[in-house]
Amino acid sequence: MKKAKFKNQKKHSTMDNFEKHISRQLQNDKLPFSANPGILDRLIYHLQLKSANSAVHRNQILPSLSVLFATKLLAWKVGVATLLLISFMGYKQFNHHTSSTHIADTVQIMQAIDTTHFIMEDSAYMN
Amino acid sequence: MFNFKPPNYKELADEKLLRAIVNGNAKAFNELYRRYSERMLYYFYRMLGKDRELAEDFLQDLFFKIIDKPHFFDTSRKFSTWIFSIAYNQCKNEYRSRNVRNIVEKVDNPDCFPQDEPDATESPYRLEDVFDCLSQFDETHRTAFLLKYREGLSIDEISAILDLPKGTVKSRLFYTRKKIQERLLEKSKVQEPEKTQHNG
C-alpha cells in the first residue's frame, strides 16, 4: 500500500517536474526574428483611414434623417407621434382666451336686461 | 486650475486601450500592438509549422480584425482571452481550408529556427523535440498546450478561448502532456544506445 502510494507520488512529482521544465523552456523560448515593421505601418494607416471615414459620417445630417423616416422602430415612432398629437389637441381645447371673454360679455348683457326690468318697475311706481 | 495630463498609454489596461482605438487613437493602438505582437507572432509561428511569412500575415489579419470590429469585444471578458480566441479561430480555419496539419508534418521549412543546442546537464529534452511531438496533435490540443505552458493562462481562460468545458481542457492538456512525455522518453531510449555505440 505504502509502496503504491510512494510510486504514485513519484509519478506525480515527475509529471510536475516535466510540466515545470516544459513551461520554463517555452517561456524562455524566443523567435529569432521580430515582426516586419511594415505590418505596423499598414495597420496604423488602416486605423487612420477607418477613423477618417467614420468622422465624415458623423458630420452628415442625412443618416440621422434617414433613421427618422426608416421603417425601423415604427411602432415607437407612431406612439410618440400620437402622444404629441393628443397633447397638442388638449392644449388647444383648454386655452380659449378670446371665446371666454365673449361668454362673459353675454352674461353681462343678460344682467343688463334684468336691470332694465327693475328700472321699468320703479318708473311704474313713480307714475 | 485645469491641469490636463495626456494619458500614459503604457499604464492603461488593454480594455481601455481598445476603447481608445475605437475612436481612432493611433497611440493606443501602438501600445496594444507592442504588448501583443510578439506573443501572437510566436503563437502563429508555432501553430502554422514555423512559417514566418504566414505567421506575419496572420498577425496582420488579426490586428485588422481588431481595428475593424472592436465592438465584437465583450467587455465582461479579458482582452487577452478575446485576442487569443480570434487567433485560435484563424488557425482553425487555416487548418480546415488547407489541411495544414498534414503539410506541416511533411514540410521541411528552410525558414525554421536554428535549433538550440541541448544542455545535457540541465535539460533532458530539447524544445524542438517537444514541438515535433506537438505537431502530431490537432489545433485544439496544440493551442491548449501553448496557452498553458507558454502564456501561463488558467484553465478558465483556456476554456473560454477554445469554447470548451473546463473538464475537456484539463483532459486534453493531460493527454497531450502524457503523450509528449512518453514520446520524449522513447526517443531518449533510442538515442542512448546510439550514443553508446558511437562512443564505443
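Helices (H or I, at least four residues) and strands (E, at least two) are DSSP runs, numbered from the N terminus. The expected span of a helix is 1.5 Å times one less than its number of residues.

This is a predicted model, in which local features need pLDDT of at least 70 and side-chain atom pairs count only at pLDDT 80 or more, while totals for chains, interfaces and linings use all residues. Residues are numbered from 1 along each chain as its sequence is written, and chains are lettered from A and ligands numbered from 1 in the order in which they are written.

**View 1. Helix α3 of chain B, residues 52–68.** This helix has 17 residues. From first C-alpha to last, α3(B) reaches 24 Å, close to the 24 Å expected at 1.5 Å a residue. Its buried residues are B:Ala55, B:Phe58, B:Leu59, B:Leu62, B:Phe63 and B:Ile66. A residue is buried if 20 or more other C-beta atoms lie within 10 Å of its own, exposed if 12 or fewer, and partly exposed in between, with C-beta atoms placed from the backbone. An α-helix has 3.6 residues a turn, so residues three or four places apart point the same way. On the other side of α3(B), B:Glu53 and B:Asp68 are exposed.

View 2. B:Lys50 is found in the loop between α2 (26–47) and α3. Is B:Lys50 buried or exposed? B:Lys50 is buried, with 20 other C-beta atoms within 10 Å. B:Asp163 lies in the loop between α8 and α9 (166–199). B:Asp163 counts as exposed, with 10 C-beta neighbours inside 10 Å.

**View 3. Helix α8 of chain B, residues 155–162.** The buried residues here are B:Glu157, B:Ile158, B:Ala160, B:Ile161 and B:Leu162. B:Asp163, with its positive phi, comes just after α8(B).

**View 4. The fold of chain B.** Chain B has 9 helices and 0 strands. Of its 200 residues, 28% are buried. Take the contacts in chain B between residues at least 6 apart in sequence: 61% join residues at least 24 apart. Two residues are in contact if their C-beta atoms, placed from the backbone, lie within 7 Å.

**View 5. The contact between chains A and B.** Each side is listed by residue count: 25 residues from chain A and 25 residues from chain B. On chain A, the elements that give two or more residues are α1 (2–28) and α2 (37–58). α2(A) gives the most, with 10 residues. By class, the chain A side has 12 nonpolar, 9 polar and 4 charged residues. Ala, Val, Leu, Ile, Met, Phe, Trp, Tyr, Cys and Pro count as nonpolar, Asp, Glu, Lys and Arg as charged, and the others, Gly among them, as polar.

**View 6. Confidence along chain A.** Chain A has 5 helices and 0 strands. Of its 127 residues, 3% count as buried. Chain A averages a pLDDT of 71, and 52% of the residues score at least 70. pLDDT is the predictor's confidence in each residue, from 0 to 100. Over residues 121–127 of chain A, pLDDT stays under 50. For that stretch the model has 0 contacts beyond four places in sequence. Where pLDDT is low, the predicted coordinates should not be read in detail.
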